[in-house]
Amino acid sequence: MYSFMGGGLFCAIVGNILLVVSTATDYWMQYRLSGNYAHQGLWRYCMSNKCYMQTDSIGETFKMPFILISTCFLAAYWNATRAFMILSGMSCFAGIIAGIMSFSHFSSFERFNRSFAAGIMFFVSTFFVLLGMAIYTGVTVNFLGRRFGDWRFSWSYILGWVAMLMTFFAGIFYICAYRMCECRRGTGPR
């Protein structure tokens with residue numbers, strides 16, 4: 001049981017670190033624009049060694065009504081991706097706290113199992129990061145990918161997918177620890 005919890009805690013801590021790094025860095029997408037290489041993240045885009053906030057140039061750059069609608073859409077998709085990544089990090093952190101607390105045997109609630117709660121929090125974190133990554137992937141491939149001819153996903157984006165796998169495996173480990181605890185509890189003397 002403790003080996004599952006230890007493995008789950010390791011996966012969760014690594015996954016949470018990857019979530020924070022992925023969300024905070026500016027290398028989700030790299031592209032070539034006007035002969036220069038540029039990159040962007042959830043918060044900023046950088047061109048020619050200068051970085052700008054994602055929403056700074058929305059009103060200035062595009063004046064046509066059709067483009068204005070698409071830029072509002074872009075702001076919404078960045079906000080949705082940011083929100084899901086932040087919610088994922090927060091639920092992963094809550095799962096880490098519950099996972100650490102599950103090492104102690106004291107429980108003020110007889111029916112409350114901390115390893116089960118940690119596993120559920122890690123699955124919630126996995127779901128949130130999956131939603132954020134799916135939104136970003138769909139919009140990037142279908143909208144931004146057509147706008148920039150020479151582009152690719154970069155390492156911050158890849159870290160987001162790896163973080164999703166780590167939180168998923170943390171959830172698996174903690175649910176397995178819960179099942180082992182339940183099996184031991186069921187076979188004990190009555």
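**Fold count.** I counted five helices and five strands in the protein; helices (H or I, at least four residues) and strands (E, at least two) are DSSP runs, numbered from the N terminus. Along the sequence I read the pattern as α-β-β-β-β-α-α-α-β-α.

**Ground rules.** This is a predicted model, where local features need pLDDT of at least 70, side-chain atom pairs count only at pLDDT 80 or more, and totals for chains, interfaces and linings use all residues. Residues are numbered from 1 along each chain as its sequence is written, and side-chain values use heavy atoms, with hydrogens and water left out.

**Overall numbers.** Of the 190 residues, 42% are buried (buried means under 20% relative accessible area, exposed over 50%, partly exposed in between; 1.4 Å probe, protein chains only). For contacts (heavy atoms within 4.5 Å) with a separation of 6 or more, residues 24 or more positions apart account for 72%.

**Helix 1, inside.** I looked up G15, which is found in helix 1. Is G15 buried or exposed? Its relative accessible area is 0%, so G15 is buried. Leaving out residues up to four places away in sequence, G15 touches A163 and M166. G15 and M166 sit 151 residues apart in sequence, yet their C-alpha atoms are 5.0 Å apart.

I found a nonpolar surface patch made of I13, I17, V21 and W155, together about 340 Å² of accessible area. Patch residues have over 30% relative accessible area and no salt bridge; like charges are joined within 9 Å, nonpolar side chains (Val, Leu, Ile, Met, Phe, Trp, Tyr) within 5 Å. A salt bridge is a side-chain nitrogen of Lys or Arg within 4 Å of a carboxyl oxygen of Asp or Glu. Helix 1 (residues 2-24) gives the patch its largest share, three residues.

Strand 3 (residues 44-47) and strand 4 (residues 50-53) run antiparallel, joined by four bridges; strands pair if DSSP finds at least two bridges between them. Two residues lie between these strands, and S48 takes a positive phi near 50° in the hairpin. How many disulfides does the whole structure have? My search found one, counting cysteine sulfur atoms within 2.5 Å. C46 and C51 form a disulfide with sulfur atoms 2.0 Å apart. The S-S torsion is about 105°, so the disulfide is right-handed. C46 is buried at 4% relative accessibility, while C51 is partly exposed at 39%.

Methods:
Areas by Shrake-Rupley, 256 points an atom, 1.4 Å probe, with all protein chains shown as cover.
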